[in-house]
Amino acid sequence: MLIDTSTIGLVEVEEGTKVLPPNLIITSIDKVVNWSRLSSIWPVTFGLACCAIEMMAAGAAHYDFDRFGIIFRGSPRQSDCVIIAGTVTKKMAPVVRRVFDQIPEPRYVVAMGSCACSGGIFRTYNTVQGCDTFLPVDVFVPGCPPRPETLMEGMILLQEKMRKEQARWSMWR
Amino acid sequence: MEKVEKILETRELNVNMGPQHPATHGVLRLVLEIDGETIVNVTPYVGYLHRGIEKLGESLTYFQGLPLTDRLDYVSAMSNNIGYVVAVERLFGIDPPERAKFIRTIVGELSRISNHLLWLATHALDIGAMTVFLYCFREREWILDLFEMICGARLTVTYPRVGGVRNDVSQEFLDSLYKFTEEFPTRIPEYETLIDKNRIWLKRTVGIGVISAEEAINWGLTGPTLRGSGVQYDIRKHTPYDAYDKVEFEVPIGTNCDTYDRYRCRMHELRQSNRILKQCLEKLPPGPVMADTPKFTLPPKDFILKDMEHLIHQFILITKGPTVPEGEIYVATEVPKGELGFYFVSDGTGKPYRMRIRAPSFVHASVLSRLCVGHLVADVIANIGTIDIVLGECDR
C-alpha cells in the first residue's frame, strides 16, 4: 500500500527519521539495528589486573553502568564486547584472543588503561606492549587506572561509534 | 567378564577452570581432578599476570620503584606502598617523623577496610549474595573519596614516600575521616544482617576449607587466613612499625578453622581498624611529615622551585639515586592479605641489586590444593574467596 506522504502529517524529527503521530516511525533498518545494539552492550566479566577493580566500581551502585544498558555477562558467548581491563602478558595474550574469538559477531573491544593501550609502565620481557597488537581495538581509554567516569566516557564513545555504523556488520542483520 | 570390566572402568575427570572465569579473582588457572562431584586434586597454575616487577625494580632507583608496588596488590595499594617504604627506610637507616607515622597508620587502616570490603563483596558475589556486593562498594567508594582528598588518586595512590608521606593532610580530610569513623560501625551490621545467619551462607561456608593451626603454619599462611585457624600472629602487634605500638587494638582469631571463621575474623578486623582510626585521629601530633635527612629524602617542592642548591640536590637524587649502605634487609609488614615482605640486596648504588617480594597471595594460592580436596566443585569458589588472593601480587 502506498501512502501519499504529502497529505498526512509526517514530521521529520531528525535526518532520516520521520514520525507519523501517534506511534508510527519511518526510518532505515540501519538506524533501528544500531539503536538496539548500542542500547544494550553486554561486556564479558573479564578482569585482568588493576583496571578490573575500577571496572567493578563502574558496574556497582555508585556509578551504575546498568543505566546505559551495560550489563556484565559471565560467558563470552552471550556478550557483545570485551573490556581489556589490565596488563596483557605474553602468557595471557592467547587466552584473551580466544575469549575475543568466542564472542559472536558483531563484537567490539575496549582497551582500558595504559597497560592495555600501550604496555604502560611495564616495559618488560613478559608484557605485551598494547593489546592492539593482536586485537582490533575500537576505543582506547587511557589512565592508570582510568576512573570509572573515564570508562563511562569510553563506553559512550563506543555507543556513538555503533550509532554511525553502516556496512561493517551488515551481513549479520 | 574381563572385557566388560575393562569397558566399565571409571576414571577421574580433568576440568580446566580459568584463566577466564568470573570467580577466580583475576587470572588464576586451576586444573581440577574430579571424581564425580568430589575434588580429588587441584593444581593451581600461576603466571598469567607476570609483569616482571621484581626485575623492573632492579633497573629503577629506590624512589622510582615505589609506583610499582601500587600495582602489586591493587586492592590495597596504600598498604603495599607502606611495606615498600618501611623496608627502604630501614635499609637507609632513617626514621620518619611522628606525624608521618600516624598518617601512614591512618591510610594503612583505611586501605585495610577497603580491601576487606572488596573481599567481602566478591566473596559473597561468588557464593551467590549479590546485595552485599552493592552495599560494600557503597562504603568502598567513600574510602576512595577520602584517598582522593589526600592525594588525588583513587586506586594507585603512591602517597607514602621514603622518609614520610608526600604531603600533609588537610583539616577537611580529618573532618571527613571523623565522620567516616562515626558512621562506619553502623554499616557493618548491615552486611552481617544479610549473610551472618543466612542459611545458604552457612551451608556454603561452615566446615568448608578446614585447615588446622599447625598445618596453616606449615603452609606459610599469614594474615586473616592464618588467624582464622586460631593462631594469634599479627606483625602489627609483634614487630610494630609506624604508629602501631602507640594504638590499642585486638587481633581477632577464629576457632573452627573454616571459611566461616575466616569471614568472622575479617569482619572483626573491620571494627578494629575503625578503632585504630579513631585513636590515630585523637593522637595525631603536629609537626613535619617528611624526615629531614637530605642524603636520602627529596627537598620540599617549594624550595626546589626557588632555590638553585635544592634543585641540584633533587636532580642528583633523582638521576643517580641515593648513596645507600651495602648490605641486605628483609622487612615484613602486615598488609590486609597477610605478611608482605620486601627483601633488598644493596650493592651501594642508587638502585637495588635485587628486589624480592614475599607476596602473601603467592603462598596462599599454593594452599588451594590442600583446602579443596574432598569438597565439591562448588566449594572451590568458596575456597578461592576465603584465602583472599590477588593475582597481581601473586605473579608479580
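A salt bridge is a side-chain nitrogen of Lys or Arg within 4 Å of a carboxyl oxygen of Asp or Glu. The model is predicted, so local features need pLDDT of at least 70 and side-chain atom pairs count only at pLDDT 80 or more, while totals for chains, interfaces and linings use all residues. Side-chain values use heavy atoms, with hydrogens and water left out.

Over all chains the count comes to 39 salt bridges.

| Pair | N to O distance |
|---|---|
| A:E14 and A:K31 | 3.2 Å |
| B:D73 and B:K337 | 3.3 Å |
| B:R104 and B:D242 | 3.2 Å |

B:D73 lies in the loop between α3 and α4 of chain B and B:K337 in the loop between β6 and β7 of chain B, so this pair ties together parts 264 residues apart in sequence. By contrast, A:E14 is partly exposed at 47%, and A:K31 is partly exposed at 32%.

Strands β6, β7 and β8 of chain B form, in that order, an open antiparallel sheet of 3 strands (strands are DSSP E runs of at least two residues, helices H or I runs of at least four; pairing requires at least two bridges). β6 and β8 of chain B stand at the edges, each with a single partner strand, so one side of each lacks a neighbour in the sheet. β6(B) and β7 of chain B are joined by 9 bridges, and B:V335 stands opposite B:G338.

Note on methods: Residues numbered from 1 in each chain as written. Chains lettered and ligands numbered in written order. Buried < 20%, exposed > 50% of the residue type's maximum accessible area, 1.4 Å probe, protein only.
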